Amino acid sequence: MRKFVVRCPAKINICLNVVGKQDDGYHQLDMVILPLAMHDSMLFERLKKDEDNFVTVDDYSMGPITYNLASKAIQVLKEEKPFDDSFRVTIHKVIPMQSGLGGGSSNAASTLVALNDRLKLGCDQEELIKIGKNLGADIPFFIMGKPARCRGIGEQLDFINIKNDYYVLIVKPNEGCSTKGVYEVSDQMELPVGNVENVIEALEKGDDELLAKSIFNALEKPAISLVPEIAVIKQRLFDEGLKIVQMTGSGSAVFALSTDKKALLNVAKKIEDKYLVEVTKVLK
């Protein structure tokens with residue numbers, strides 16, 4: 001097939017702890033991540049063998065896009081499993097840039113999985129994780145695509161079961177957060193530590209009261225220092241009666257989790273004129 005399309009899901013971090021920093025600059029993390037139905041779409045088109053790979057993105061909200069992790073994913077996969085094919089990749093962005101929702105990592109992971117399958121390269125999931133883990137901490141999670149606790153630099157995964165069917169309200173301010181910038185600020189701070197075991201217990205038992213008390217993101221403080229509107233959004237969602245509220249990833253998007261889709265849609269209508277807003281659901 002000359003052309004094919006793949007979906008690239010977004011994610012939210014229910015818990016994110018920064019537990020250390022390696023000599024190579026990578027941060028050791030302990031996270032609980034959930035995949036979302038919200039997704040980008042990637043159109044792959046095979047090119048002539050002597051042509052270069054070409055990746056374009058249709059989101060100009062952060063200015064012209066000159067680089068996407070999908071480009072690097074093709075490159076590193078080709079280094080590990082040489083192939084002759086070249087591709088034009090067109091990415092339709094729904095996951096906003098610099099939001100902490102994992103769009104770039106999801107694009108890269110989907111590229112690795114799709115090309116491994118279409119070109120019959122023979123990599124199993126463990127091999128794909130080994131190839132992709134240094135591209136971004138979320139890439140091993142996206143390769144697997146299931147709710148998981150992710151440790152190390154994201155490559156150590158333990159899957160978790162979620163009892164409730166959750167809907168998610170995503171709210172992003174106009175200003176985004178650079179992952180590199182947030183981590184640079186976090187390195188200058190003493191970061192608090194959340195209880196990952198309580199988060200997992202709450203998800204597996206369907207205990208929303210415990211979940212509301214336990215969700216945690218160590219990067220919120222440094223992100224808020226860069227984008228104060230994150231704190232404003234969080235407080236607004238609390239004021240609207242939502243209980244399970246948190247920033248995702250390195251920001252700047254904030255989410256509210258609930259089994260009541262109608263409640264989330266009602267809040268979304270109230271704030272959609274000021275922020276980028278999306279209501280989606282957790283994939284189990």
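**Note on the predicted model: pocket, sheet, helix pair and backbone**

1. The lining of the largest pocket comprises 15 nonpolar, 17 polar and nine charged residues, where Ala, Val, Leu, Ile, Met, Phe, Trp, Tyr, Cys and Pro count as nonpolar, Asp, Glu, Lys and Arg as charged, and the others, Gly among them, as polar. The structure is a predicted model, in which local features need pLDDT of at least 70 and side-chain atom pairs count only at pLDDT 80 or more, while totals for chains, interfaces and linings use all residues. Residues are numbered from 1 along each chain as its sequence is written, and side-chain values use heavy atoms, with hydrogens and water left out.

2. The space in this largest pocket amounts to about 1,100 Å³. Of the 41 residues that line the largest pocket, those closest to its centre are Leu69, Ser105, Thr179, Lys180 and Ser250. Strand E1 (3–21), strand E2 (27–47), H2 and helix H5 (179–186) are the elements that give two or more residues to the lining; helices (H or I, at least four residues) and strands (E, at least two) are DSSP runs, numbered from the N terminus. A pocket here is an open set of points on a 1 Å grid over the protein atoms alone, where a 1.4 Å probe fits, with protein on both sides within 12 Å along at least five of seven lines, and lining residues have an atom within 4 Å of a point. Grid points are joined across faces, edges and corners, and the volume is the space filled by probe spheres set on the points.

3. An open sheet is formed by four strands in the order E9-E10-E7-E11, with antiparallel pairing; two strands pair if DSSP finds at least two bridges between them. Strand E9 (244–247) and strand E11 (276–281) are the edge strands, each pairing on one side only, and the twist averages 20° from one strand to the next. Within the sheet, strand E7 (residues 167–172) and strand E10 (residues 254–258) run antiparallel and are joined by five bridges, with Leu257 in E10 as the bridge partner of Val168.

4. Helix H9 (residues 229–239) lies across E7, E9 and E10 and runs at about 20° to E10, while helix H10 (residues 261–271) packs on the sheet, touching E7, E10 and E11, and its direction makes about 15° with that of E7. Contact means heavy atoms within 4.5 Å; axes are lines fitted to C-alpha atoms, for helices over the stretch in contact, and angles run from 0 to 180 degrees between N-to-C directions.

5. Helix H1 (residues 69–80) packs with helix H2 (residues 103–118) at an angle of about 35°, their axes being 8 Å apart. The residues of H1 that meet H2 include Leu69, Ala73 and Leu77, and by class the contact has eight nonpolar, five polar and no charged residues.

6. E1 and E2 pair in the antiparallel sense over 16 bridges, and Gly20 has Gln28 in E2 as its bridge partner. Their hairpin has five residues between the strands, and Gly25 in it takes a positive phi near 95°.

7. Two backbone details deserve a look. Most residues other than glycine have a negative phi, and most peptide bonds are trans. Gln98, in the loop between strand E4 (86–92) and H2, has a positive phi near 50°. Gly251 and Ser252 are joined by a cis peptide bond with omega of about 15°, and Ser252 is found in the loop between E9 and E10.
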